[in-house]
Amino acid sequence: MERFIQMSDVYGSRIVDIRAGRLKRRQLTKNRIVNCIDKALDINNYNPYQIPKDLKHIESVVKVDKHRENDVVRVFQNKPPTANIGRNNRANVITGRQGPQPKARVTPTPRAAFELFFTEDIMATIVSCTNRKIQSFISTLPDNFVSQNSKYAYVKETCVDELYAIIGLYIYRGLYKLNTVSVDKLFSNTYGPPIFSATMSRNRFTFIRANLCFDDSSTRDDRWKQDRFVAIREIFESFNFECMSCLVPNDYLSLDETLYPMRNQISFKQYNPNKPAKYGLLFKAINAARYPYTFIASPYCGKPTDDGGKYYVQGTEAIVKQMIERLLENKVPLAGRNISFDRLYTSLSIALWLYEKNITCLGTMQMNRKGVPAEMKDFKNRENLSSEVYWQKDGPLSLSSYVVDTASGKKNVLMLSTLKQILGTTKDDSRNKLALYKLYDFTKGGTDIVDQRMAFHTSKTKSRRWTMVALAYMIDTARVNSSTMYALNKNVDPVKQKSFEYGFELVMQLVKPHIARRNQTCLPMVVKQEIGLIIGDNRQNDQSDADDGPAFGESRRRKTIVKAFPGASVTHMKHYVKPTIEKNPEFIVLHAGTKDINQKEPKEIVKEMESLCTEMGDKLSNDIPPIKLNQLTCFREIAEPEILGLLQGLVAFKASGIDGISAKILKIAAPAITPSIVSIFNQSIATARFPDKPTNLTFTNIKSRSAEISWLDPENTGDGNLTEFWIQLQKENSLILNITTNKVNKYKLGNLTPFTTYEISLAAGNQNSLGEKTITSFITSEE
């Protein structure tokens with residue numbers, strides 16, 4: 001039974017788990033003294049490290065060739081040299097501004113942040129290559145085959161907006177974990193989410209997906225001999241350049257590898273049993289350690305058949321040097337930064353090479369690496385949880401050794417660093433771990449954080465083409481990077497940015513422009529309804545007369561129930577009223593259908609509705625909040641195109657109203673009757689008793705978090721004197737202020753966000769109602 005015991009015993013800040021008969025200890029991060037990078041750098045959070053009294057020297061020998069006289073000998077000592085005490089090294093001094101580059105400092109929407117990485121040039125290249133492939137396919141068909149067969153209308157070229165919409169659908173699949181759901185189910189009107197069929201047809205989606213191309217396939221065979229990643233190399237390197245040029249790195253970076261899941265049969269697919277995916281494309285990436293962001297990624301694509309091109313290098317040190325040099329060539333400031341990596345990349349030579357470029361490093365090290373002193377390899381007689389530190393006598397290197405007992409025996413963990421050594425050991429546990437080891441724990445995980453955010457809402461789906469997997473990696477990286485850029489420009493911690501909310505808003509902004517441009521002439525009614533649901537156009541709904549809320553059985557917000565009964569009678573509504581009231585809703589909307597109107601007189605229907613409302617009882621009427629009429633009535637003149645569009649948008653087979661005029665007759669007569677209807681509406685509005693809109697709305701004293709507005713009274717105050725002004729403030733289409741003031745002509749806005757665009761609307765009101773709004777916008781200053 002001991003194998004299956006799972007027990008948690010909270011003792012102080014320690015949790016003890018017993019699983020399969022083995023004792024595991026895990027420290028709670030939130031209860032640790034050192035729980036972030038900044039606290040790991042504070043010497044006050046550690047116990048003092050006891051420097052040995054006796055000076056000891058050890059030698060590091062690197063053999064260059066067989067001749068002993070050419071060996072490189074470095075001397076290490078167990079006491080820190082004078083250069084390692086006091087001020088930081090020159091390689092740890094950062095100059096210049098950090099954060100978003102000038103071209104990336106304005107990202108008012110998630111789509112604007114996403115387009116920093118999937119730029120118009122990248123999308124234009126994909127469109128050009130894809131259309132070339134589509135034209136090649138169309139040329140194999142008989143003449144006029146597509147134009148003469150309407151069911152093949154989806155066989156046509158694509159555009160940038162459509163590709164953005166497809167990327168949005170891929171991201172949507174990842175957000176809702178629909179990666180393994182078949183395309184048929186996704187585009188089903190019964191089971192699938194409405195966004196898919198509202199964006200495009202199933203045939204169009206599969207056609208574009210099958211023909212997506214990222215290079216010139218006619219010359220691919222020749223280029224493949226020098227680069228096996230050539231099918232998507234041009235797009236990938238353009239994407240890399242945008243990632244490098246959008247953000248200035250801060251103090252700590254990490255270098256590690258990512259195994260992006262893939263099972264395709266290609267020669268450069270990698271296997272790692274320690275990774276969750278086991279098989280996939282291998283990317284080596286440099287990431288930020290303080291927030292999720294990828295600066296550069298280098299795919300492993302195997303050795304080419306001919307001489308390697310500029311992207312092929314052999315060996316881990318060569319890969320590190322290539323990635324750093326590419327960042328420096330693109331003027332990415334790395335001086336003063338620190339890079340953390342694991343034992344796969346750590347060596348004395350790469351540490352010194354980075355230090356020459358004013359870049360420090362920190363990483364665990366294998367004992368069989370060149371230059372590790374023999375004295376550091378001998379740890380059999382050392383005590384458990386003991387530490388030793390050796391500094392290079394005339395150089396920046398330091399070697400740390402930490403011995404710990406494990407289930408398989410003693411383990412010696414070596415750490416190589418060119419950072420200034422933090423002379424302390426942990427005091428929030430009994431492990432006596434050196435301070436650099438704690439710093440390594442918090443800086444090494446930058447790549448892992450990005451991997452986690454990418455994998456949780458990954459856009460990767462099963463495909464026979466490995467290039468689609470590489471594209472999915474780029475989409476996931478762009479989503480994570482753009483989320484960080486969007487948060488930084490909003491002065492929000494990128495770590496606290498909610499991935500799902502950001503991703504959902506990004507999807508809507510990617511698909512809506514394409515949906516709005518769809519030709520809806522021959523679309524089924526159910527697709528038109530889905531389009532109206534996505535883009536918020538009530539005219540797409542064949543039940544446009546019932547503009548009372550969502551469809552039957554849906555709720556607009558919590559504790560609000562909306563029941564729509566198209567074509568139903570008052571008698572039918574009575575069956576739903578009583579159980580609905582028992583749910584204590586905020587209000588109930590009843591839609592009287594056409595059955596009663598065709599069969600009964602209006603007065604009789606009104607009496608039945610009064611009786612129905614009486615049966616609802618006093619409870620419902622008392623719970624309904626009073627409606628302030630003047631917040632619902634802001635009128636403007638009606639234009640003829642509006643009325644003409646509404647009349648021509650009527651559904652022909654809908655039943656006629658109380659006047660007996662069919663919808664078909666109204667659609668036919670729309671051009672003739674529109675001027676008269678518009679004249680009647682505008683005459684009613686012109687003779688109303690509402691004030692005009694305020695004038696001379698100006699902004700003064702605009703700061704980063706506040707601004708002042710002032711205005712003048714309208715010349716026409718309507719029937720009576722002005723009594724109030726209605727102010728609404730919006731940020732990114734979200735209402736953040738909605739107040740009614742007294743008869744004043746100025747107002748101070750507070751709690752604003754720096755460097756943000758706001759839209760403000762102002763309306764004057766008298767004792768009757770509010771008049772037309774004055775709408776304008778302004779931008780707050782930087783802090």
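The model is predicted, so local features need pLDDT of at least 70 and side-chain atom pairs count only at pLDDT 80 or more, whereas totals for chains, interfaces and linings use all residues. Residues are numbered from 1 along each chain as its sequence is written, and side-chain values use heavy atoms, with hydrogens and water left out.

The protein has 25 helices and 27 strands, where helices (H or I, at least four residues) and strands (E, at least two) are DSSP runs numbered from the N terminus. Buried residues account for 45% of its 783 residues; buried means under 20% relative accessible area, exposed over 50%, and partly exposed in between, with a 1.4 Å probe and protein chains only.

**The open sheet**

Three strands in the order β21-β22-β25 form an open, antiparallel sheet, two strands being paired if DSSP finds at least two bridges between them. Because β21 (695–700) and β25 (746–749) stand at the edges with a single partner strand each, one side of each is left without a neighbour in the sheet.

**The nonpolar cores**

A nonpolar core is a set of buried Ala, Val, Leu, Ile, Met, Phe, Trp, Tyr and Cys residues joined through side-chain atoms within 4.5 Å. The largest one holds 116 residues, of which Phe118 and Tyr293 touch the most other members. Helix α16 (residues 466–489) gives the most to this core, with 13 residues. Leaving aside neighbours within four places in sequence, the contacts of Phe118 (heavy atoms within 4.5 Å) include Met123, Tyr164, Phe239 and Leu471. A second, separate core includes Leu385, Val389, Tyr437 and Tyr440.

| Core | Size | Residues named |
|---|---|---|
| Largest | 116 residues | Phe118, Tyr293 |

**Helix α15**

In α15 (residues 446–456), the buried residues are Gly446, Thr447, Val450, Asp451, Arg453 and Met454. Seen down the helix axis, these buried residues fall within an arc of 165°, so they line one face of α15; the arc is that of the directions from the helix axis to the C-beta atoms. They pack against β9 (252–261), β11 (279–288), β12 (294–299), α14 (435–443), α16 and α17 (499–516), whereas the face turned away from the buried side carries the exposed residues Gln452, Ala455 and Phe456.
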